[in-house]
Structure formats: structure tokens, C-alpha cells
Amino acid sequence: MTRTVYVNGDYLPETEAKVSIFDRAFLMADGVYEVTSVLGGKLIDFEGHAKRLQRSLDELEMDSPVTPEELLQIHRDLVEQNGIVDGLVYLQITRGAPDDRDFVFPDPETTPPTIVLFTQNKPGLAESPAAKTGIKVISIEDARWGRRDIKTVQLLYPSMGKMMAKKAGADDAWMVEDGFVTEGTSNNAYFIKGNKIVTRALSNDILHGITRAAVLRFAKEAQMEVEERNFTIEEAQGADEAFITSASTFVMPVVEIDGVALGDGTPGQRALRLREIYLDESRKAAI
């Protein structure tokens with residue numbers, strides 16, 4: 001079935017959707033994006049994604065072509081029109097399509113932003129088989145630009161990292177800079193030692209994950225200690241458990257890091273419990 005997508009104010013069949021070859025995202029990676037999960041036909045953590053989107057736009061001095069209220073309605077319309085029960089809504093805003101290619105930002109008065117949204121149908125998104133077995137990660141050098149806190153469409157190196165992991169027989173990669181883990185290719189990284197969760201502190205070095213914020217809040221409510229600091233691969237390898245978080249994987253247990261199994265090589269009970277809590281609470285708050 002052909003999806004209905006949203007492009008610059010219009011709902012269109014995906015086969016009719018077009019964006020200019022001069023669009024700044026296509027030529028310069030000059031755009032930002034967000035991905036919001038849908039469970040049971042409702043949006044998960046939408047407010048957090050909307051706030052982070054505005055932050056990314058502000059950091060790049062880019063205008064939003066829609067209000068937060070309009071953005072919510074577009075999301076809901078696409079979920080309804082495409083019959084999404086479980087899945088994702090992808091949103092991208094770019095600096096627009098000027099008349100020609102130039103490194104200088106175009107005048108926003110004459111070049112309006114481009115906005116595109118589409119859905120992805122993912123039946124059983126919250127029942128991923130990987131959550132029952134856990135995933136394996138490898139470590140790679142973090143060769144991205146320095147403003148990873150802005151959720152831009154510059155995703156070439158993370159894509160390369162995913163392929164490095166695949167070639168190594170793993171599921172994902174944790175990036176390392178100056179000896180310390182920054183984050184996964186498309187997720188935040190954590191380990192658990194005793195009753196303590198350790199994850200890197202927020203800065204320009206990592207994405208300020210929306211799922212991250214919720215999970216850490218739930219962890220504290222469950223009387224777990226949270227320590228936000230730099231950590232090494234070796235430290236994580238010696239942990240009791242590890243996991244990642246993102247909008248599409250929620251809380252995903254990690255069972256192996258660079259070939260070293262954590263615990264008995266199966267998902268840890270605390271990570272699984274955090275996944276359960278996150279899904280339960282997020283479904284209750286979904287809109």
C-alpha cells in the first residue's frame with residue numbers, strides 16, 4: 001500500500017512526493033530530524049521530541065515552518081491516514097531550497113524551510129526479539145563532528161559504524177573518543193554495576209536522548225543510583241549489565257562488548273526491568 005507522506009504543507013502519496021535537488025539537506029546535510037515512536041496508535045514522548053527539535057533548529061539558526069500544535073496534528077494525521085498501530089514517524093526540516101548551491105546560508109525571507117514527514121510501519125515494535133537475547137556491540141573511533149548534541153542529518157559516519165559492526169558479527173558499535181565512550185551509532189550507552197547506572201554526561205559530545213531522560217528518571221524513581229560521567233570500554237566490559245536507549249529500541253540490553261560477554265551473556269534483570277517500566281509508563285503518557 002502506498003503511504004501518505006507530508007511535504008511542505010501537503011499530504012501526498014509517497015510516489016508523488018518531491019524535494020528540490022537544490023535542497024540544503026541534499027547538498028550540505030543542512031537539516032535536522034526527529035523520530036517519534038508509535039505504540040497502540042499513540043505517539044511516545046512527543047513533547048520531548050518537539051522540544052529537542054526546536055533546540056536543534058535554534059542552534060542552527062533555522063526557522064520552523066510549523067507551530068508545535070501544527071506539528072502534533074501532522075503526526076496524528078499521518079498515523080491515522082497510514083493506519084499505524086506500532087511504528088515510527090520520521091520528521092525532517094531543512095534550511096530549504098535556494099535557487100542555486102552556495103555555502104552561505106540563504107535568506108530565510110526568500111527561501112522557506114523544507115519540511116517532510118513520513119511513517120514507518122513496525123508491527124510489534126515493543127516486542128523485539130533482540131530484547132530477549134540482547135545485542136553485541138564493538139567499539140570504534142568516534143570520527144564525527146563536534147556538535148553531536150544537534151540532531152542533524154549528518155549520519156554518514158554512524159551508518160559506517162553500523163556496517164563495521166555488521167561486518168564484525170555484532171549488532172551495533174559504541175564510539176570512543178580520547179579513550180572514553182561517547183554513545184552508540186544511534187543510541188545512548190550505559191552500564192550497570194551493582195545498583196548503579198553509569199552513562200556519559202550531557203554535553204556537545206552526545207545527543208541529548210529523549211528516551212535517555214525518561215529512563216534515567218524512572219531508574220531514580222526505582223531507587224537506582226545514576227552516575228553521569230565518562231567511562232571506558234574496559235570499565236563497561238567489567239560491568240554486571242549494559243544497555244542502550246533510543247526512540248526505536250526503547251531499552252535494549254547489551255550482552256557482549258568487543259567479544260567480552262557481560263555476566264552470563266544473557267540480558268540483565270535490571271535492564272529488562274527498566275525496559276518494562278519505560279514501556280508501561282510511556283504507553284500511559286502517550287498522546
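**Notes on the cores and helix α2**

1. Start with Phe-250: leaving aside residues up to four places away in sequence, Phe-250 touches Ser-37, Leu-39, Leu-125, Ala-126, Thr-211, Ile-244, Thr-245, Arg-275, Tyr-278 and Leu-279 (contact is heavy atoms within 4.5 Å). Keep in mind that this is a predicted model, where local features need pLDDT of at least 70, side-chain atom pairs count only at pLDDT 80 or more, and totals for chains, interfaces and linings use all residues. Numbering runs from 1 along each chain as its sequence is written, and side-chain values use heavy atoms, with hydrogens and water left out.

2. Phe-250 is also among the residues with the most contacts inside the largest nonpolar core, which has 29 residues (a core is a set of buried Ala, Val, Leu, Ile, Met, Phe, Trp, Tyr and Cys joined through side-chain atoms within 4.5 Å; buried is under 20% relative accessible area, exposed over 50%, partly exposed in between, with a 1.4 Å probe and protein chains only). Elements giving it two or more residues include β3 (31-39) and α8 (269-285) (DSSP runs numbered from the N terminus: helices are H or I, at least four residues; strands are E, at least two).

3. There's a second, separate core of 23 residues, including Leu-53 and Ile-150. Val-32, in strand β3, touches both Leu-53 and Ile-150. Val-32 has a relative accessible area of 0%.

4. On α2 (residues 46-59), Phe-46, His-49, Ala-50, Arg-52, Leu-53, Ser-56 and Leu-57 are buried. They line one face, because they fall within an arc of 165 degrees seen down the axis (taken from directions from the helix axis to the C-beta atoms). Glu-47 and Lys-51, on the other side, are exposed.
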